[in-house]
Amino acid sequence: MRELFDEVAGQSPLDPEEAVRRTSRTPRRKRFYTEAGVGEADGGFTITLDGKPIKTPSGKVVLAPKRAIADTIAAEWSAQGESIDPVTMPMTRFANSVVQSVVERAALVADDIAKYLGSDLLFYRAGHPEALVAKEAAHWDPIVFWAADALGAHFMLAEGINYVRQPDAAIAAARAAFPGDPWSIAALHVVTTLTGSALLALALAHGVREPAEIWTAAYVDEDFNTEQWGLDEEVAARRAVRLVDFEAATRILRAMQG
């Protein structure tokens with residue numbers, strides 16, 4: 001999955017943990033501009049620094065399809081202090097990746113998302129304890145039932161980790177419900193990789209559940225373990241990094257939906 005995005009300055013902006021690891025090892029660049037703004041262009045909106053549009057590391061102009069997206073990216077640049085911290089700029093990293101690596105390869109990214117439908121998080125259930133079984137059912141069953149009823153995607157559930165081959169018709173039906181534009185596809189990819197579930201990402205894109213509900217559903221098992229054994233600070237820190245990019249992807253999906 002990362003191969004599609006690693007071309008961007010040697011980074012993978014759609015992989016939040018990898019992006020944080022690499023940018024944290026790179027010396028921060030001193031702020032070189034006074035003002036960030038938004039300009040209009042054919043096909044969308046540019047993000048400008050002192051009147052000049054920003055570009056990807058390879059020189060492509062970053063063109064956002066919606067004003068709301070451009071405004072949010074510009075706000076990230078405006079919020080920088082004396083030095084620029086890419087970790088605090090998830091929308092900018094996202095935009096770089098879309099423009100550089102997704103616009104011309106949206107179908108490949110969609111195919112990558114569809115691979116998750118073969119072994120989606122929601123398909124593999126705990127057999128015990130009863131409390132965890134109930135929690136998974138409460139958060140996951142409505143999404144699985146929605147996929148069956150609304151999309152005609154009838155998936156198979158399994159107990160434990162033994163692989164179950166999903167029906168090709170179910171995968172095809174869910175794949176047909178993917179959005180068509182590169183920005184939404186990239187956002188869907190981010191949510192899928194962060195949650196481990198293409199179905200959760202698809203439910204978010206279709207407004208079946210609120211973002212907070214999708215995020216909670218993705219971490220049912222982790223939260224259950226925390227309740228039993230206490231908080232693991234390292235795990236919590238990684239999750240906080242993921243949440244930043246999840247929220248950015250959610251903003252993209254909502255902006256593209258109008």
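**Legends to close-up views of a predicted model**

View 1. Strand S3 is mostly covered, with six of its six residues buried; buried here means under 20% relative accessible area, exposed means over 50%, and partly exposed lies in between (1.4 Å probe, protein chains only). The model is predicted, and local features therefore need pLDDT of at least 70, side-chain atom pairs count only at pLDDT 80 or more, and totals for chains, interfaces and linings use all residues. Residues are numbered from 1 along each chain as its sequence is written, and side-chain values use heavy atoms, with hydrogens and water left out. Helices (H or I, at least four residues) and strands (E, at least two) are DSSP runs, numbered from the N terminus, and two strands pair if DSSP finds at least two bridges between them. Strand S2 (residues 36–41) pairs with S3 (residues 44–49) in the antiparallel sense over six bridges, and Phe 45 in S3 is the bridge partner of Glu 40. Phe 45 also has Ala 64 as its bridge partner in S5, within the antiparallel arrangement of two bridges that joins S3 to strand S5 (residues 63–64). Thr 48, which lies in S3, counts as buried because its relative accessibility is 13%. Leaving aside residues up to four places away in sequence, Thr 48 touches Glu 35, Ala 36, Gly 37, Val 38, Gly 39 and Pro 53, where contact means heavy atoms within 4.5 Å.

**View 2. The two hairpins that flank S3.** The hairpin of S2 and S3 has two residues between the strands, and in it Gly 43 takes a positive phi near 90°. S3 and S4 run antiparallel and are joined by two bridges, with Lys 52 in S4 as the bridge partner of Leu 49. The hairpin of S3 and S4 likewise has two residues between the strands, and Asp 50, in the loop between S3 and strand S4 (52–53), has a phi near 50°, a positive value in a residue other than glycine. Most residues other than glycine have a negative phi, and most peptide bonds are trans. Asp 50 counts as partly exposed because its relative accessibility is 42%.

View 3. His 128 and Pro 129 are joined by a cis peptide bond with omega about -10°, and Pro 129 lies in the loop between strand S7 (124–125) and helix H5 (130–151). Ala 131 is found in helix H5 and is partly exposed, with a relative accessible area of 42%. The C-alpha atoms of Ala 131 and Phe 224 are separated by 8.7 Å, although these residues stand 93 residues apart along the chain.

**View 4. The crossing of helices H3 and H7.** Two packed helices are described by the angle between their axes and the distance between the axes. For helix H3 (residues 90–102) and helix H7 (residues 182–195), the axes come within 10 Å and cross at roughly 115°; axes are lines fitted to C-alpha atoms, for helices over the stretch in contact, and angles run from 0 to 180 degrees between N-to-C directions. On the H3 side, Phe 94, Ala 95, Val 98, Val 99 and Val 102 meet Pro 182, Trp 183, Ala 186, Ala 187 and Val 190 of H7. By class, this contact of H3 with H7 has 10 nonpolar, no polar and no charged residues, where Ala, Val, Leu, Ile, Met, Phe, Trp, Tyr, Cys and Pro count as nonpolar, Asp, Glu, Lys and Arg as charged, and the others, Gly among them, as polar.

**View 5. Buried residues of helix H4.** In helix H4 (residues 106–116), the buried residues are Ala 106, Val 109, Ala 110, Asp 112, Ile 113, Ala 114 and Tyr 116. What covers them includes H3, helix H6 (168–175), H7 and helix H8 (198–205).

View 6. A search of the whole structure finds six aromatic pairs; rings of Phe, Tyr and Trp (its six-membered ring) pair if their centres lie within 6.5 Å, and planes under 30 degrees apart count as stacked, over 60 as edge-to-face and the rest as tilted. The ring centres of Tyr 33 and Trp 77 are 5.6 Å apart and their planes stand at 70°, so this pair is edge-to-face. The pair links distant parts of the chain, 44 residues apart, with Tyr 33 in the loop between strand S1 (29–30) and S2 and Trp 77 in helix H2 (residues 67–78). Both Tyr 33 and Trp 77 are buried, and ring pairs link Phe 32, Tyr 33 and Trp 77 into a cluster.
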